[in-house]
Every structure is written in structure tokens, then in C-alpha cells.
Amino acid sequence: MEKKQTQNPEHQKQNERMPLTRRNYIMLAIGFAVILLGFILMAGGGSDSPDEFNYAMFSWRRITLAPILVIGGFAFEIYAILKRFN
């Protein structure tokens, strides 16, 4: 007896395709680098002596720029996972 194919070749070709392509992985790496940069910018700001207060802890870079980079990096990661390339 001969087996009949229940799926057309085009549908079978789609099932064999990987869910993420090389471009998706490159975009994921870029998003990870942006998140890492945000955390690096957040680091530091403490004083050497507990007796003196260091106002550098509240700089624009640590309070505004770094969290925007981290949140933007996570949003870019979601986009990189959901984006489909032909």
C-alpha cells in the first residue's frame, strides 16, 4: 500500500523552518548589549567615606538615561523575538 501525503509540500516546508532566523539572533544580541550598557551606566556613584554624601549618585546618567536604555533594550528584545523574516 502506498501512503498518501496529508500535507502539501509548502506546508511541510514551513514546519521544517526554524522559528528564529540569524537576523533574529543578531537583533537579540544588540538588545542584550543595550541592556548591558544601561546597567553599566547605572553602576557606581557611591562615596568612599560613609561620612560624606556624594551627589554624583543622582546624576542624569544614572537616574534617567540608564533606565531608559534598559527598558528600551527589553522592548527591543521582545520585538526581536516576535519579528518574522522571510
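Read along the sequence, I get the pattern α-α-α. I count 3 helices and 0 strands in the protein, taking helices (H or I, at least four residues) and strands (E, at least two) as DSSP runs numbered from the N terminus.

The model is predicted: local features need pLDDT of at least 70, side-chain atom pairs count only at pLDDT 80 or more, and totals for chains, interfaces and linings use all residues. Residues are numbered from 1 along each chain as its sequence is written, and side-chain values use heavy atoms, with hydrogens and water left out.

I looked up the UniProt record, an unreviewed entry, and its annotation "transmembrane region" covers residues 25–43 and 63–82. Such annotations may be inferred rather than shown by experiment. Residues 25–43 are 95% helix, with the end C-alpha atoms 27 Å apart. Residues 63–82 are 100% helix, and there the end C-alpha atoms are 30 Å apart.

Next I checked burial. Of the 86 residues, 17% count as buried (under 20% relative accessible area; exposed is over 50%, partly exposed in between; 1.4 Å probe, protein chains only). Tyr55 is exposed, at 66% relative accessible area. I place Tyr55 in the loop between helix H2 (22–42) and helix H3 (60–82).

I find 1 cavity of 30 Å³ or more (on a 1 Å grid over the protein atoms alone, a set of points where a 1.4 Å probe fits but cannot get out; lining residues have an atom within 4 Å of a point). Its lining includes Arg17, Asn24 and Phe85.

Definitions and conventions:
On a 1 Å grid over the protein atoms alone, a cavity is a set of points where a 1.4 Å probe fits but cannot get out, and a pocket is an open set with protein on both sides within 12 Å along at least five of seven lines; lining residues have an atom within 4 Å of a point. Grid points are joined across faces, edges and corners, and a volume is the space filled by probe spheres set on the points.
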